[in-house]
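Student: I've got a protein model open and I'd like to go through it with you. Can we take it piece by piece?

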Amino acid sequence: CHGEEIFCVPGDGPFVKVKICNLGQVAPVSNFYLNFYDKNPLTDTAKVLHQIYIQFKPAPGDCFDYPLPLDPALFQYSKIYTLAGIKNDVPTPLSLDSFPFSGGYAECDYANNLDSFEVKLPDPVKPKLGPDRNICEGQTVTLDAGSGYVSYKWLNGPSTQTFTAVVTGVYQVEVTDACGRTLRDTVAVTIVPPPAPTTMTIQFY
């Protein structure tokens, strides 16, 4: 089992794509549990953070991807360990000489059931309103925060992706991305008044 990547789904939050492969010579005789630990359960006293019941029986050499919702509490850990094949009440550290474990299934090597992955959200993508703008009196400019966010909110303005600026001021947008993070950007818009008329005196002789 290996955590391939962490991604976010709008409205559902962060997920980790777990890849589970059968490296052995036979298929599991039954469905199995997959535990998530804060430490290496083979060497440390580890806490079970989450458990799922995998209702697949991969054939030898087969792999499948399992998207798993990530509880926000898990992001306090920089690394999470996964171990397949036992229930979450088996004491840790696990002795590989003690298998088959109670609540597990017999196999030759539990060590290859262990893996780990880094807990890190995708890098945030801030909205980009662009450089400060100067526009002529009587003109407008449409500010665009960009697509792909869950929600938008302009300071003293609408909850839309775009906002039309008609007066001088600093405009700020606040967006929420699919991972639930709040991101902001600002831009200044200045209305440039028309130049004063030029007076020309012509003398005739």
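This is a predicted model: local features need pLDDT of at least 70, side-chain atom pairs count only at pLDDT 80 or more; totals for chains, interfaces and linings use all residues.

Student: Okay, then where is P93 found?

Tutor: Look for the strands on either side of P93. One is strand 6 (79-84) and the other is strand 7 (114-118). So P93 is found in the loop between strand 6 and strand 7.

Student: What is the peptide bond from T92 to P93, cis or trans?

Tutor: Check omega for that bond. From T92 to P93, omega is near 0°. That makes the peptide bond cis.

Student: Which residues is T45 in contact with, leaving aside its neighbours within four places in sequence?

Tutor: T45 has its place in the loop between strand 3 (32-37) and strand 4 (48-54). Although T45 and P93 are 48 residues apart along the chain, their C-alpha atoms are separated by 5.1 Å. With the sequence neighbours left aside, the contacts of T45 are K39, T92 and P93.

Student: And does T45 count as buried or exposed?

Tutor: The cut-off for exposed is over 50% relative accessible area. T45 has 58% relative accessibility, so T45 counts as exposed.

Student: Now N22. Which backbone oxygen lies 2.8 Å from a polar atom of its side chain?

Tutor: Start in the loop between strand 2 and strand 3, where N22 lies. N22 is buried, with a relative accessible area of 11%. The backbone oxygen at 2.8 Å from the side chain of N22 is that of P58.

Student: Why is the pair of Y149 and Y152 edge-to-face?

Tutor: The structure holds seven aromatic pairs. For Y149 and Y152, the ring centres are 5.8 Å apart and the planes are at 90°. Planes over 60 degrees apart count as edge-to-face. Both residues are buried, and because of that 90° angle the pair is edge-to-face.

Student: What about F163 and Y171, what is the angle between the planes?

Tutor: F163 and Y171 are both buried, and together with W154 they form one aromatic cluster. The F163 and Y171 pair is tilted, with 5.5 Å centre to centre, and the planes are at 50°.

Student: How many residues apart are K17 and E5?

Tutor: A search of the whole structure finds five salt bridges, and K17 with E5 is one of them, the closest N and O atoms being 3.6 Å apart. K17 is partly exposed at 24% relative accessibility, and E5 is partly exposed too, at 41%. K17 sits in strand 2 (residues 13-21) and E5 in strand 1 (residues 2-9), which puts them twelve residues apart.

Student: Which parts does the salt bridge of D65 and K19 tie together?

Tutor: D65 and K19 have their closest N and O atoms 3.0 Å apart. D65 counts as partly exposed at 38% relative accessibility, and K19 as partly exposed at 26%. D65 lies in strand 5 (residues 63-69) and K19 in strand 2, so the pair ties together parts that are 46 residues apart in sequence.

Student: Last one: which residue forms a salt bridge with R181?

Tutor: The closest N and O atoms of that pair are 3.0 Å apart. The partner is buried, with a relative accessible area of 8%, and its name is D177.

Note on methods: Residues are numbered from 1 along each chain as its sequence is written. Side-chain values use heavy atoms; hydrogens and water are left out. Rings of Phe, Tyr and Trp (its six-membered ring) pair if their centres lie within 6.5 Å; planes under 30 degrees apart count as stacked, over 60 as edge-to-face and the rest as tilted. Buried means under 20% relative accessible area, exposed over 50%, partly exposed in between (1.4 Å probe, protein chains only). A salt bridge is a side-chain nitrogen of Lys or Arg within 4 Å of a carboxyl oxygen of Asp or Glu. Helices (H or I, at least four residues) and strands (E, at least two) are DSSP runs, numbered from the N terminus. Contact means heavy atoms within 4.5 Å. A polar contact is a pair of N or O atoms within 3.5 Å; within protein, one must be able to donate a hydrogen and the other to accept it, and residues adjacent in sequence count only if both atoms are side-chain atoms.
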